[in-house]
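Biologist: Could you take me through a few local features of this model, with the cut-offs behind each term?

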Amino acid sequence: MAALYTDARDEQTIKDVLHGLGTPRAPKLRVLRIALARSLQISTPPPEDLDGSGLGGSEYALARITGVGLSADKGERRDYDLAVRALLSVYHDEDMFQGEESERRYRRYLQRHVRRGLQEIRTTWRPDHDFHGYLYHELFVNAVPRPARTDLGQEILAGLREIGVSAQIRGVEDGPRISRYRIYLDDVNHYDRVKRGLDKLGLHLGLSTRQGILLQEDEDREREARVLALDVPRPRESWYTVPGARLRDWAVQATEVPTLTVWPGVDVLGEPVRFDLAAAPHLLVGGTTGSGKSVCLHALLLSLLWRLEPQDLQLTLIDPKRVELVHYAGFPHLTGGQIIEDIGDALEALDGLVEEMERRTLLLRQHGVANLIEGREQGRVDLPFVVVVVEELADLLFQSREAEQPLVRLTQKARAVGIHLVLATQRPDAETFSGLLRSNVPGRIALSVRTAAESKIILDETGAEKLLGAGDMLLRPQAGVAARRAHGVRVGSDDIRLCLQSVRGRSQ
Ligand SMILES: Nc1ncnc2c1ncn2[C@@H]1O[C@H](COP(=O)(O)OP(=O)(O)OP(=O)(O)O)[C@@H](O)[C@H]1O
């Protein structure tokens, strides 16, 4: 009996990884074991839909994966079966050593883990990128001691000396793309010199003017005016991505967070960043083409879809470009069961939402509650939240300026009734994000943009022109709070597919 069935995409991944390892002819078990290790890092069990064989796949006997029954002198073909069994027993908290039934479960779990690991690799690694570097960061970066960074630290101190600042390094922490150096100034009056000299320091470190060093107000600074933190971008080869599976873990494990909590990414030190979309209460996501805007929208949407059932969340997705949101076809949360692509349908949907807003306002008043959250908490109203996503605001307004009016009305009044807008654009200009929308859409996510002026349109401040691209963002979830740097979760179509399967599983 085979222990593992793959499909054609798994087989392609195995091939790509063997090439990535520089050993195209090596046994496939290498990749299968890496995939197993990758999956075991995820704290939620792999889904059942990874059982069974797929089109264009292969079959593997247990001996080809764990080496069961092989003698001890065959290098990587040694027998690791007991070790794998023990790992899976601990992970699933089930005994996988005794009896036929436990044997069946062992093989099933093994299959699910290996296939999930292959999926993870597929969505987070690109075959033209270095696989060894990827492996290091995905599997080990949090588990092994960091290499010494004395060189970069010394460079920073030398750069500071060049701008007339004498200092010491008190510590360094590595995030996905940035290292944060905690600096202690020998002279308390040198803080402004550092602030003014950041570009020079960047040049000294060989960074382009676009990849700025950012000065963070260190939390210790209030107590200790000599302490500051510098966020220094690392070379691209040393970045690690934040895979979509992590978002799933945050969302699935979250307890006692507000209903519309979203996790767009992690902070510069790798800790998850979250905010409540209902408190935002509307959001603009802006960034130049290729900055990671669509991936960011996927992270926001999956944050909601991993947790909320259709009776709690309805989605209106407007995608005039007809590319990015197609993956959500099939989710039972979609209002009207489909994604809106046509401009006429979009106008109709927006007008319908304005009517829904009026209807809800009346209903809440009749039930004597101030807003939907209160109504739901008190059990007096059980309407779902509605999240409206416009994939490209500029396209929508270009095709019909009329769309602006219902959008403005919704942003002005829909908050209390639980209707929230997420507007995305790759053209952050005054025409697209007009004054009326600006003042009523306080939540902002800026991905990288070309100019400081574009950054100001999105965030009301400069800074986004210095972001590193590929999901690097400045996040200001609500008016009146400071913008925060974050690196987006890399959500791919596979993550969306997995979520859809889970939603279908939940509804059965
Ligand atoms: N969080 C992320 N982590 C790693 N890479 C990312 C991330 N977000 C985006 N990228 C990379 O950037 C590419 C472009 O992302 P995306 O398609 O979201 O850009 P976009 O801003 O929507 O572009 P467009 O407006 O042209 O559709 C992705 O294919 C991916 O390679």
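Predicted model: local features only at pLDDT ≥ 70, side-chain atom pairs only at ≥ 80, totals over all residues.

Biologist: Is Arg-248 buried or exposed?

Modeller: Arg-248 lies in helix α10, residues 244-253 (helices are DSSP runs of H or I of at least four residues, strands runs of E of at least two, numbered from the N terminus). Buried means under 20% relative accessible area, exposed over 50% and partly exposed in between, with a 1.4 Å probe and protein chains only. Because its relative accessibility is 5%, Arg-248 counts as buried.

Biologist: How are the planes of Tyr-328 and Phe-331 arranged?

Modeller: Rings of Phe, Tyr and Trp (its six-membered ring) pair if their centres lie within 6.5 Å, and planes under 30 degrees apart count as stacked, over 60 as edge-to-face and the rest as tilted. The structure holds 1 aromatic pair. With 5.7 Å centre to centre and 35° between the planes, Tyr-328 and Phe-331 are tilted.

Biologist: Which residue in β16 is the bridge partner of Gly-265?

Modeller: Strand β8, residues 261-266, has 6 of its 6 residues buried. β8 and strand β16 (residues 484-490) pair in the antiparallel sense over 2 bridges, where pairing requires that DSSP finds at least two bridges between the strands. In β16, the partner of Gly-265 is Gly-488.

Technical notes
Residues numbered from 1 in each chain as written. Heavy atoms only, no water.
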